[in-house]
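Please keep the structure open as you read.

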Amino acid sequence: MSEQPIVQLKGLSKTIGSKKIIKNLNLDLYAGQITGFLGPNGAGKTTTIRMMVGLMRPTAGDVLIEGQSIQTHFEDSIQKVGVIVENPEMYKYMTGYKNLLHFSRMHKGITKERIDEVVKQVGMQNRIQEKVGSYSLGMRQRLGLAQALLHNPKFLILDEPTNGLDPAGIREFRLYLQKVARESGVAVFVSSHLLSEIELLCDRIAVIQNGELIDIKNVNELHHSQYFIQAEPLDLASEVLSGIGFSFAASGKGLIVDTEEEHIPGAVSLLVNAGVKIYTVQPHRETLEDQFLEMTGGGQIAEAHTK
């Protein structure tokens, strides 16, 4: 990962009337890294994205793309941005290639060689000369990704990019997006409600609620080592584990224990020697969904016009 961020949100704020919609957001996005942007409905995700692409002017703060303000250097900054919003609109009566050719004319310096390179990057060589009307939704998403990448953006924004895709299409799109981020060094920013997919796709998660950034975590930090031990009697098991300094929480007929794998055999031996019956020992992982609901207090919907 590059030490210098591609994108910087600096004190980004938005007030409409007397209502503070976005409150002092600070966030850095890096080359080759995919950052998920999560929040309950109405938390301020769409407003933030609009300000990031210059469609809405902040009340305070700024968005810098490679050090340039989106407000004072809009044309230079926006040339470095690619965007996919839900299902990209294409000319269905034209081939995929002609759609890309048509889009390429909106930017300077996009050669036919560049079009061929992007087509190969998203794995569409065998279908690019077919009409878009014959494509599945997953194929249209891949064509949309190719279109967003044509002008070699440094920063790629995706808003609900897998809406409507089946599980196979979601997985396919995820793999291509990870490949693009890694190989092209693009900073990717993804807003989605599919928490299980965000967990698989992203390197980092940023959570917004009521217009405030409440947490930023690397995905590998989400999963600390825990084990579920189904035991009887639980009060005796709790007493034994407390005696050896283990942290744990009751869960149904067992305990969720915070510990590393190498400590499990010793803990089980102590429990058995103390007369505790052990029925199950298995790894336990708290999902992103669990943690998201915990962070947002159940993910309640924020006030209606903080979209």
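In this predicted model, Gly138, Gln141, Arg142, Leu145 and Leu149 of H5 meet Glu172, Phe173, Tyr176, Leu177 and Val180 of H6, where contact means heavy atoms within 4.5 Å. Sorted by class, the contact of H5 with H6 has 6 nonpolar, 2 polar and 2 charged residues. Here Ala, Val, Leu, Ile, Met, Phe, Trp, Tyr, Cys and Pro count as nonpolar, Asp, Glu, Lys and Arg as charged, and the others, Gly among them, as polar.

How do the two helices lie? The axes of H5 (residues 137-149) and H6 (residues 167-184) come within 10 Å and cross at roughly 15°. That makes H5 roughly parallel to H6, a label for angles under 35 degrees. Axes are lines fitted to C-alpha atoms, for helices over the stretch in contact, and angles run from 0 to 180 degrees between N-to-C directions. H5 passes H6 in a right-handed crossing, meaning that the near helix is turned clockwise from the far one by less than a right angle.

H5 also packs with helix H3 (residues 96-104), at an angle of about 25° and with the axes 10 Å apart. That makes H3 roughly parallel to H5, and the crossing of H3 and H5 is right-handed. Gly96, Asn99, Leu100 and Phe103 in H3 meet Leu143, Ala146 and Gln147 in H5. The residues of this contact divide into 4 nonpolar, 3 polar and no charged.

| Helix pair | Angle | Axis distance |
|---|---|---|
| H5 and H6 | roughly 15° | within 10 Å |
| H3 and H5 | about 25° | 10 Å |

Of the 41 residues in the largest nonpolar core, Leu145, Leu156, Leu177 and Val188 touch the most other members. H5 gives the most to this core, with 6 residues. A nonpolar core is a set of buried Ala, Val, Leu, Ile, Met, Phe, Trp, Tyr and Cys residues joined through side-chain atoms within 4.5 Å. Buried means under 20% relative accessible area, exposed over 50%, and partly exposed in between (1.4 Å probe, protein chains only). Leu145 touches Ile84, Val122, Leu156, Phe173, Tyr176, Leu177 and Val180, leaving aside residues up to four places away in sequence. A second, separate core of 27 residues includes Leu12, Met52, Ile65 and Ala187.

Two further residues are worth a look. Arg140 has its place in helix H5 and is partly exposed, with a relative accessible area of 22%. Arg140 touches Pro88, Met90, Val132 and Tyr135, not counting residues up to four places away in sequence. His107 sits in the loop between H3 and helix H4 (112-121). At 16% relative accessibility, His107 counts as buried. With residues up to four places away in sequence left out, His107 touches Gln79 and His151.

Helices (H or I, at least four residues) and strands (E, at least two) are DSSP runs, numbered from the N terminus. Buried residues make up 48% of the 307 residues in the chain.

Residues are numbered from 1 along each chain as its sequence is written, and side-chain values use heavy atoms, with hydrogens and water left out. Since the model is predicted, local features need pLDDT of at least 70 and side-chain atom pairs count only at pLDDT 80 or more, while totals for chains, interfaces and linings use all residues.

Key: Parallel < 35°, antiparallel > 145°, perpendicular 65-115°, else oblique.
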